[in-house]
Structure formats: C-alpha cells, structure tokens
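Thank you all for coming, and please have the sequence and the model open while I talk.

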Amino acid sequence: MAEIYAISDDILTPDDTILEQTREILECGIKYFQYRSKKAIKDENLARKLLALCDDFGAKLIVNDDVTFAKKIGAKCVHIGKDDGDIKAVREILGKDAFIGVSCYNDVNLALKAQDEGASYVAFGSVFTSLTKPTATRCSLQTIMQAKEILDIPICVIGGINAQNIDRILALEIDLIAIISALYRPESISENYRNLSRFL
C-alpha cells in the first residue's frame, strides 16, 4: 500500500514553525519526512530537533541533497540527485546501513543504475506541474509503469500531487507518494492529510 512521504519547504515550513508542523505531520502517522532546505546555511540545532522528533515517532528524517549536513546532525537517511555524489560515497560517509533515496527524474536507466548500486528507493517526477518546482523535468505515468515492471526496490513519485489527482498515482500501485504544497495548503495539515489519504 502506498504511503505519504512528506517534504518540508523553506517557504511553507519556515524555521519558526517547522517543528510544530512536523509534529502534526507525524501525528497523522506519516513515517517519511524529508528535510528539504535550500538555504546556504541550515540550522543544525533545529535539524537535530527534527531528527529527535522523527525518532520519537519511529519515522525517518531524510536530509535532501546534503550528505555532509546529514552526517553533522547524526542523520542516517538522505535523498540525493544527480549532482550530489554517488551511493558508494554516501555509504562511506553515513555508514553501510544508510537509507538512500535517489532522484531519477524521468529516466528508468538511472533508476536501474541506482538499484544496482544499492539505493533504498528511487524517485520519479515531476508527474504533474509542481507549484514548488514549476520548471522541473516532467515524467509520464507510463514511465513509472515501466519502472514498476522492472525495478525491485521501492518507487517514489513526486510533483504536483494533490487531493484531486492522487487517485491517478494510487492506480499505479507504487510505494511512496511525495507531497509538498498539498500537505500544507489549503487547510490544516491534518485536514489536508485526511483528504489526501482517503483513498489509501
């Protein structure tokens, strides 16, 4: 069964509210939370608090892009893109038991390579037009169906997914559905989650 994978955002989850918002996310039962910050200098103390909070709920805190930062705060889970180093290097930094997600955009061959190198999961997208990354590479649902047929590791999809179109993603029977904007707007996180998860 698919699970919601929550992702933070510098605008939607600013530093002064992210702890409270993350607690609400975790109270919904979400077990995957990605700390995604594009700030040049991220708040290590805040990130450690987020990690401790996720630990309290038995959830994974996944640091986006920055393996060095993950190491600094003691996180064992990261998500990397094509410019963030390879899986072997990540395991050398974070340990053999690191949980590593890899962005594969719209490329099944990238996903196969990531699987061969030991990725924990692969992510495809943007499946719809994304409010947070409007210029992101688009990935067709047909590509995801193809990936599902040939990959053995979990598949995550991302990009513009909301309560109106999530049923199209659920029909693909993938593992993780990454949500940003639709988790924080237009209602409370709890209410948005209920709307998103009604078909799960």
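What we are looking at is a predicted model, in which local features need pLDDT of at least 70 and side-chain atom pairs count only at pLDDT 80 or more, while totals for chains, interfaces and linings use all residues. Residues are numbered from 1 along each chain as its sequence is written, and side-chain values use heavy atoms, with hydrogens and water left out.

With that in hand, please find threonine 22, which sits in helix α1, residues 18–27; helices here are DSSP runs of H or I with at least four residues, strands are runs of E with at least two, and both are numbered from the N terminus. Which residues is threonine 22 in contact with, once its neighbours within four places in sequence are left aside? They are Phe33, Leu50 and Leu53. Threonine 22 counts as buried because its relative accessibility is 1%, where buried means under 20% relative accessible area, exposed means over 50%, and partly exposed lies in between, using a 1.4 Å probe and protein chains only. The side chain of threonine 22 also reaches the backbone oxygen of isoleucine 18 at 2.7 Å.

Now to the aromatic rings. A pair of aromatic rings is described by the distance of the centres and the angle of the planes. Rings of Phe, Tyr and Trp (its six-membered ring) pair if their centres lie within 6.5 Å, and planes under 30 degrees apart count as stacked, over 60 as edge-to-face, and the rest as tilted. The whole structure has 5 aromatic pairs. One of them joins tyrosine 5 and tyrosine 121, edge-to-face, at 5.8 Å centre to centre and with 70° between the planes. This pair links distant parts of the chain, since tyrosine 5 is in strand β1 and tyrosine 121 in strand β6, 116 residues apart.

Tyr5, Tyr32, Phe99 and Tyr121 form one aromatic cluster.

Finally, some details of the backbone. A cis peptide bond joins glycine 125 and serine 126, with omega about 20°, and serine 126 is in the loop between β6 and α6 (141–150). The peptide bond from arginine 185 to proline 186 is cis too, with omega near 5°, and proline 186 is in the loop between α8 and α9.

Where do we find aspartate 65, which has a positive phi of about 70° although it is not a glycine? Aspartate 65 is in the loop between β3 (60–64) and α3 (67–73), and it is partly exposed, with a relative accessible area of 27%. Glutamate 173 has a positive phi near 60°, lies in the loop between α7 (166–170) and β8, and counts as exposed at 59% relative accessibility.

Note on methods. A polar contact is a pair of N or O atoms within 3.5 Å; within protein, one must be able to donate a hydrogen and the other to accept it, and residues adjacent in sequence count only if both atoms are side-chain atoms. Contact means heavy atoms within 4.5 Å.
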